[in-house]
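I opened a notebook page for this chain.

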Amino acid sequence: MKSIVSEKDIIVPENVEVDIKARVATVKGPRGTIKKSFKHIDFECRKVGPKKFNIRVWQAGRKHSACIRTVCSHIENMITGVTKGYEYKMRFVYAHFPINVNIADNAKSIEIRNFVGQKVVMKVDMLDGVTVSHSANQKDEITIVGNDIDNVSQSAAQIQQSTRVKNKDIRKFLDGIYVSEKGNIVKDL
């Protein structure tokens with residue numbers, strides 16, 4: 001059954017500017033700017049107040065009205081990104097051959113060596129706005145940092161998928177680089 005109108009509001013914090021024109025959202029904050037296109041979703045956006053937006057869908061079925069929450073969540077994640085940033089921590093897991101990770105290209109890519117004793121060097125490039133570094137206080141850990149949660153999580157996924165063990169029983173061979181912690185760069189007190 002179709003509903004006539006479905007809507008949800010977005011409240012913008014004080015130190016952030018949000019601009020939505022032609023279903024392209026631009027969010028500016030203290031950590032930078034993120035721009036994302038929502039042209040593939042049919043919705044209406046109105047500025048209700050100085051710091052309030054209203055997302056609306058007309059004559060929507062169940063799945064189309066679910067898009068409202070998706071768009072609002074994406075914009076809220078963009079707001080969190082430009083105010084606090086995103087940080088993923090990944091740990092190296094190995095049984096016998098120690099995994100060697102070198103950070104290259106000015107923290108824009110990593111090279112993985114000696115994974116399960118392989119001679120091949122796996123190179124993973126980070127996406128736009130994402131940097132990688134070794135953790136200072138923890139051995140065998142890297143930190144992936146950026147403003148856009150999509151790029152940070154996709155970079156972490158590419159690192160994890162590059163270290164999949166092939167042609168072996170994955171219950172026994174657990175070697176790899178796995179996400180151990182997700183959070184924000186600026187911690188709440």
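**Overall build**

I began with burial: 36% of the 189 residues in the chain are buried, where buried means under 20% relative accessible area, exposed over 50%, and partly exposed in between (1.4 Å probe, protein chains only). I noted that the model is predicted, so local features need pLDDT of at least 70 and side-chain atom pairs pLDDT 80 or more, while totals for chains, interfaces and linings use all residues. Residues are numbered from 1 along each chain as its sequence is written, and side-chain values use heavy atoms, without hydrogens or water.

I listed two helices and 13 strands in the chain. These are DSSP runs numbered from the N terminus (helices H or I, at least four residues; strands E, at least two).

I then checked the dimensions. The radius of gyration is 21 Å, whereas a compact globule of 189 residues would have one near 16 Å. The radius is taken over C-alpha atoms, and the globule rule is 2.2 Å times the number of residues to the power 0.38. The C-alpha trace spans about 60 × 40 × 30 Å along its principal axes.

I looked at contacts too (heavy atoms within 4.5 Å). Of those between residues at least 6 apart in sequence, 58% join residues at least 24 apart.

Which residues touch the most other members of the largest nonpolar core? I found V18 and I75, in a core of 22 residues. A nonpolar core is a set of buried Ala, Val, Leu, Ile, Met, Phe, Trp, Tyr and Cys residues joined through side-chain atoms within 4.5 Å. β2 (17-21), β3 (24-29), β6 (52-60) and α1 (62-83) each supply at least two residues of this core. α1 gives the most, with seven.

Not counting residues up to four places away in sequence, I75 touches I10, I20, A25 and F38. A second, separate core has 21 residues, including Y86, M90, I112 and V130.

**S162**

I looked up S162 in helix α2 (residues 149-162). Is S162 buried or exposed? S162 counts as buried, because its relative accessibility is 18%. Leaving aside neighbours within four places in sequence, S162 contacts I112, M122 and V124.

**Surface**

The chain exposes about 11400 Å², 50% of it from carbon and sulfur atoms. Accessible areas come from the Shrake-Rupley method with a 1.4 Å probe; for residues, only the protein chains shown count as cover.

V5 is partly exposed, because its relative accessible area is 35%.
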